[in-house]
Amino acid sequence: MTINDSQQPAPRRGKVLEALARAERKVFTRPAPKSAKAQVKFLLTRAKGSTQALAERLGVSRHTVERYRAGTLTTPQKRPRAALVEETESEWQPQARAQVRHQAATSSGMMVDVTAYFGFTCTGSSDDGRERSVTTAISPTYAKQILDGCVGETGERL
């Protein structure tokens, strides 16, 4: 095993992060903005009005961000649309997200539901493999370790 092997993320880590993001979206008290104009308006407030910084985050030109803000460009293409949704949801209601993370890490823990394939490779018998759903409660101690593992040293999600 080399040094680079130990630094590689686990193969399923992306799925864990996506599941945590879905769980966080369920605690929002208000829905996130849906239209491109509303999303850009919200993200510009987070970027302190810098259209250049927002354009770099979204991977589009500054002029495109200005057209979204003005409402002259209403339906973004696939890549900018996905970037807008992802950035908006990652910035939406940070206090509600932090409150739920704190509650899971200190008092309530979390429930984990996993679908796995159990069984043997024997065909035509009762030992054939089957998909099973396994649900288990995670104590607050382990929930804190999971949540801390998903947040980088700078406080930014990995």
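Q: A residue counts as buried when its relative accessible area is under 20%, and as exposed when that value is over 50%. Is Gln-93 buried or exposed?

A: The model is a predicted one. In it, Gln-93 has a relative accessible area of 12%, so the residue is buried. Gln-93 belongs to the loop between H6 and H7.

Q: Where is Lys-48 found, and is Lys-48 buried or exposed?

A: Lys-48 sits in the loop between H3 and H4. Its phi is near 55°, again a positive value in a residue other than glycine. The relative accessibility of Lys-48 is 78%, and the residue therefore counts as exposed.

Q: How many helices and strands does the protein have, and which pattern do they follow along the sequence?

A: The secondary structure comprises eight helices and two strands. Along the sequence, these elements follow the pattern α-α-α-α-α-α-α-β-β-α. Two figures describe the protein as a whole. Of its 158 residues, 27% are buried. Among contacts between residues at least 6 apart in sequence, 56% join residues at least 24 apart.

Q: How is the packing of two helices read, and at what angle do H3 and H5 pack?

A: One considers the angle, the distance between the axes, the handedness and the residues that meet. Helix H3 covers residues 36-46 and helix H5 covers residues 62-70; they pack at an angle of about 115°, and their axes are 7 Å apart. Angles from 65 to 115 degrees count as roughly perpendicular, and H3 and H5 are therefore described as roughly perpendicular to each other. Their crossing is left-handed.

Q: Which residues of H3 and H5 meet?

A: From H3 come Ala-36, Lys-37, Val-40 and Leu-44, and from H5 come Val-65, Tyr-68, Arg-69 and Ala-70. By type, the residues of this contact of H3 with H5 are six nonpolar, no polar and two charged.

Q: At what angle do H3 and H4 pack, and is their crossing left-handed or right-handed?

A: H4 spans residues 51-58, and H3 and H4 pack at an angle of about 115° with their axes 9 Å apart. The crossing of H3 and H4 is right-handed. On the H3 side, the contact involves Val-40, Leu-43 and Leu-44; on the H4 side, Thr-51, Leu-54, Arg-57 and Leu-58. The contact of H3 with H4 consists of five nonpolar residues, one polar and one charged.

Q: How is a pair of aromatic rings described, and how many such pairs are counted here?

A: The description rests on the distance of the centres and the angle of the planes. Rings pair if their centres lie within 6.5 Å, and planes over 60 degrees apart count as edge-to-face. By this rule the count is one aromatic pair. The ring centres of Phe-42 and Trp-92 are 5.0 Å apart and the planes stand at 70°, so this pair is edge-to-face. Phe-42 is in helix H3, while Trp-92 is in the loop between helix H6 (78-91) and helix H7 (94-108), so the pair ties together parts that are 50 residues apart in sequence. Phe-42 is buried, at a relative accessible area of 13%, and Trp-92 is buried as well, at 8%.

Q: Which residues is Thr-88 in contact with, leaving aside its neighbours within four places in sequence?

A: Thr-88, a residue of helix H6, is in contact with Ala-32, Pro-33, Gln-39, Phe-42 and Leu-43 once those neighbours are left aside. With a relative accessible area of 1%, Thr-88 is buried.

Q: Where is Ser-133 found, and is Ser-133 buried or exposed?

A: Ser-133 is part of strand E2, which covers residues 130-138. Its relative accessibility is 52%, and Ser-133 therefore counts as exposed. Leaving aside neighbours within four places in sequence, Ser-133 is in contact with Asp-113, Val-114 and Thr-115. Ser-133 and Asp-113 are 20 residues apart along the chain, and their C-alpha atoms are separated by 6.8 Å.

Definitions and conventions. Residues numbered from 1 in each chain as written. Predicted model: local features only at pLDDT ≥ 70, side-chain atom pairs only at ≥ 80, totals over all residues. Heavy atoms only, no water. Axes fitted to C-alpha atoms, helices over the stretch in contact; angles between N-to-C directions. Helix = DSSP H or I, 4+ residues; strand = E, 2+ residues; numbered from the N terminus. Parallel < 35°, antiparallel > 145°, perpendicular 65-115°, else oblique. Left-handed = near helix turned anticlockwise from the far one by under 90°. Contact = heavy atoms within 4.5 Å. Nonpolar A, V, L, I, M, F, W, Y, C, P; charged D, E, K, R; others polar. Phe/Tyr/Trp six-rings, centres within 6.5 Å; stacked < 30°, edge-to-face > 60°. Buried < 20%, exposed > 50% of the residue type's maximum accessible area, 1.4 Å probe, protein only.
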